[in-house]
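Let's take a friendly walk through a protein model together. Please have a look at the sequence and the structure below before reading on.

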Amino acid sequence: MSVKLLGVPYDVHSSFLRGSAAAPQAVRDALTGGSANWCTESGLDLEPLRDEWWCDLGDLVIPDDAPSAVDVIRSEAKAAIADDSRILSIGGDHLVTWPIVQAVSAAHDDLTIVHFDAHPDLYDELDGDRYSHACPFARIMEEGRVARLLQFGIRTMTPHQRDQADRFGVEVHELRDWDHRMPELSGPVYISIDVDVLDPAFAPGISHNEPGGMTTRQLLDSLHQIDASTAAVVGADVVEINPSRDINDQTAMVGAKLVRELLGMMISQRLAR
Ligand code: MN
Ligand code: MN
């Protein structure tokens with residue numbers, strides 16, 4: 001299998017509002033609801049490729065307590081990529097990225113993470129919680145198994161998180177300064193998209209409204225700039241969609257669009273080999 005889709009319905013450590021555990025099903029419903037076709041913008045039809053080039057593993061069953069949840073998500077992600085497949089997951093809140101990256105970085109040396117988010121998620125702890133969805137990139141960088149972390153769309157930097165970014169050598173592209181050009185990337189790449197990187201006007205179904213965000217078009221164009229001839233997208237996630245806050249399934253449709261484009265990018269890189 002080339003790419004495996006995995007639902008990771010876990011939101012126990014969301015600091016403000018829960019609800020993102022319902023996202024995998026909402027995004028799946030948007031994908032299969034019949035209002036859109038299965039073609040990527042580049043014209044790759046994903047539907048006939050299903051089961052040969054990609055499959056949906058369904059949703060994980062995850063225990064509530066965080067250390068066990070992290071163990072389960074890591075070991076299931078490891079199992080999913082054991083046959084050299086790539087993994088595309090739908091969260092859940094951003095905590096889920098940590099165990100998934102643990103699995104992917106164990107299989108790929110020199111991993112580069114491309115992280116889109118309104119928030120840097122670099123807190124050492126938030127409200128005493130080291131498993132908070134505000135902390136995953138601190139946990140990932142402490143482990144030292146990732147070559148580069150690049151962040152895009154950030155607009156909520158705090159002094160503490162700036163210190164953390166300096167400490168870990170994170171390449172932060174704050175949205176107020178970023179020209180929307182992707183730097184050159186090489187080697188294996190993992191893409192993590194927190195949907196609150198978008199302006200809430202484009203994606204209202206999120207837990208933390210942070211105005212002044214990207215348009216859906218800008219995000220898609222940024223993804224499309226990743227050059228498959230120098231960078232292989234070996235894993236990706238779409239996290240932090242909160243269906244209980246959504247309007248007319250608008251954000252679920254954004255999630256479905258991102259899943260289609262990411263699937264297409266990952267599959268075309270394999271088709272091109
Ligand atoms: Mn986040
Ligand atoms: Mn965020």
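How are the donor residues of the manganese ion (ligand 2) spaced in sequence? Their spacing is D-x1-H-x74-D-x1-D. Before going further, note that this is a predicted model, in which local features need pLDDT of at least 70, side-chain atom pairs count only at pLDDT 80 or more, and totals for chains, interfaces and linings use all residues. Residues are numbered from 1 along each chain as its sequence is written, chains are lettered from A and ligands numbered from 1 in the order in which they are written, and side-chain values use heavy atoms, leaving out hydrogens and water.

**The metal site**

The table shows the donors of the manganese ion (ligand 2), which sit at 2.2 to 2.4 Å. Donors are N, O and S atoms within 2.8 Å of the metal (3.2 Å for Na, K and Ca); water is not among the atoms, so sites may look incomplete.

| Donor residue | Donor atom | Range for the site |
|---|---|---|
| Asp117 | OD | 2.2 to 2.4 Å |
| His119 | ND1 | 2.2 to 2.4 Å |
| Asp194 | OD | 2.2 to 2.4 Å |
| Asp196 | OD and OD | 2.2 to 2.4 Å |

The manganese ion (ligand 1) is 3.3 Å from the manganese ion (ligand 2), and aspartate 117 coordinates both. Aspartate 117 is in the loop between β4 (111-116) and α4 (136-143), while aspartate 196 is in the loop between β7 and α6 (216-224), so the pair ties together parts that are 79 residues apart in sequence. Helices (H or I, at least four residues) and strands (E, at least two) are DSSP runs, numbered from the N terminus.

Both aspartate 117 and aspartate 196 are buried, where buried means under 20% relative accessible area, exposed over 50% and partly exposed in between (1.4 Å probe, protein chains only).

**A closer look at aspartate 194**

Aspartate 194 belongs to strand β7 (residues 187-194). Is aspartate 194 buried or exposed? Aspartate 194 is buried, with a relative accessible area of 2%.

**The sheet around it**

Strand β7 takes part in an open sheet of 8 strands, ordered β2-β1-β3-β8-β7-β4-β5-β6, with parallel pairing. At the edges are β2 (54-59) and β6 (171-174), each pairing on one side only. Two strands pair if DSSP finds at least two bridges between them. For β4 and β7, the parallel pairing runs over 5 bridges, and threonine 112 stands opposite valine 189 in β7.
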